[in-house]
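Trainee: I have a model open on my screen and would like to learn how to read it. Could you walk me through it, feature by feature?

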Amino acid sequence: MKGQIIVTGSAEETRMVGEQMSGVVVPGEYVLLYGPLGAGKTEFVRGFAKGCGWEEVRSPSFTIVNEYYSEPPIIHVDFYRVDRASSEEFALEEYAAEGCVVIVEWADLWESPDDLPAWEVRFSPCEEEQPGQDDRKRYIEIFRRGKELPSILQSRFQVSDRRGKRMEK
């Protein structure tokens, strides 16, 4: 699985990555988000939704599922408060079959089918200390199951290795 590593230095930059991805994810696909609490998953979704024409994004931590009537429609799921969810419990496949993009926060708590047409986005904080919550650097690793990443994602953002050094393309 070939992927891309992007380093962002703020919530705004993380939203920009989400917004950029909204242009390459197609209706019926899933975007599976992995990472610790506060890593930037919801900020990424805010950017993604903005790229689809939707401005009001709230974390669905308590509601579990939020629907955004954007173009394409987005189903925003957060399994943080759910004990190991099976795909049948939430009918996410039905949303995808109807042409929605399904974005799943805390995807590691969801038993997704192996053949799911999905992007995997993994968030992790950089090791060095940063002066303030919004200014934290984070790594965002993007993979596409079974396919190469579109070149547009490879050229728009700083590409770095895990040590923060610029990588050759």
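Mentor: Let's go through the fold, the salt bridges, the backbone and the surface in turn. This is a predicted model, where local features need pLDDT of at least 70, side-chain atom pairs count only at pLDDT 80 or more, and totals for chains, interfaces and linings use all residues. Residues are numbered from 1 along each chain as its sequence is written, and side-chain values use heavy atoms, with hydrogens and water left out.

Trainee: How many helices and strands are there in the protein chain?

Mentor: Helices (H or I, at least four residues) and strands (E, at least two) are DSSP runs, numbered from the N terminus. Here you get 5 helices and 9 strands. Along the sequence they run β-α-β-α-β-β-β-α-α-β-β-β-β-α.

Trainee: What share of the residues is buried?

Mentor: Buried means under 20% relative accessible area, exposed is over 50%, and partly exposed sits in between (1.4 Å probe, protein chains only). In this chain of 169 residues, 50% are buried. Take T8, in strand β1 (residues 3-8): its relative accessibility is 1%, so it counts as buried. The T8 side chain also has a polar contact of 3.0 Å with the side chain of T14. A polar contact is a pair of N or O atoms within 3.5 Å; within protein, one must be able to donate a hydrogen and the other to accept it, and residues adjacent in sequence count only if both atoms are side-chain atoms.

Trainee: How many salt bridges does the structure hold?

Mentor: Look for a side-chain nitrogen of Lys or Arg within 4 Å of a carboxyl oxygen of Asp or Glu. The structure has 5 of these. In one of them, E43 meets R15 at 2.6 Å, N to O. That pair ties helix α2 to helix α1 (residues 11-22), with E43 and R15 28 residues apart. R15 and E43 also belong to a salt-bridge network with R46.

Trainee: Which residues form salt bridges with E120?

Mentor: R122, with the closest N and O atoms 3.0 Å apart, and R145, at 2.8 Å. E120 is buried at 7% relative accessibility, while R122 is partly exposed at 33% and R145 is partly exposed at 21%.

Trainee: What should I look for in the backbone?

Mentor: Most residues other than glycine have a negative phi, and most peptide bonds are trans. I64 has a positive phi of about 75 degrees. I64 lies in the loop between α2 (41-51) and β3 and is buried at 15%. W106, in the loop between β6 (101-105) and β7 (110-111), has a positive phi too, near 60 degrees, and is buried at 13%. As for peptide bonds, the one from E71 to P72 is cis, with omega near -5 degrees. P72 is in the loop between β3 (65-68) and β4 (74-78).

Trainee: Which residues form the negative surface patch?

Mentor: A patch joins like charges within 9 Å, or nonpolar side chains (Val, Leu, Ile, Met, Phe, Trp, Tyr) within 5 Å, using residues with over 30% relative accessible area and no salt bridge. Here the negative patch consists of E67, E93, E94 and E98. E93, in helix α4 (residues 92-97), is partly exposed at 31%.

Key
Accessible areas come from the Shrake-Rupley method with a 1.4 Å probe; for residues, only the protein chains shown count as cover. Lys and Arg count as positive and Asp and Glu as negative; His and the chain ends are not counted. The place of a charge is taken as NZ of Lys, CZ of Arg, CG of Asp or CD of Glu.
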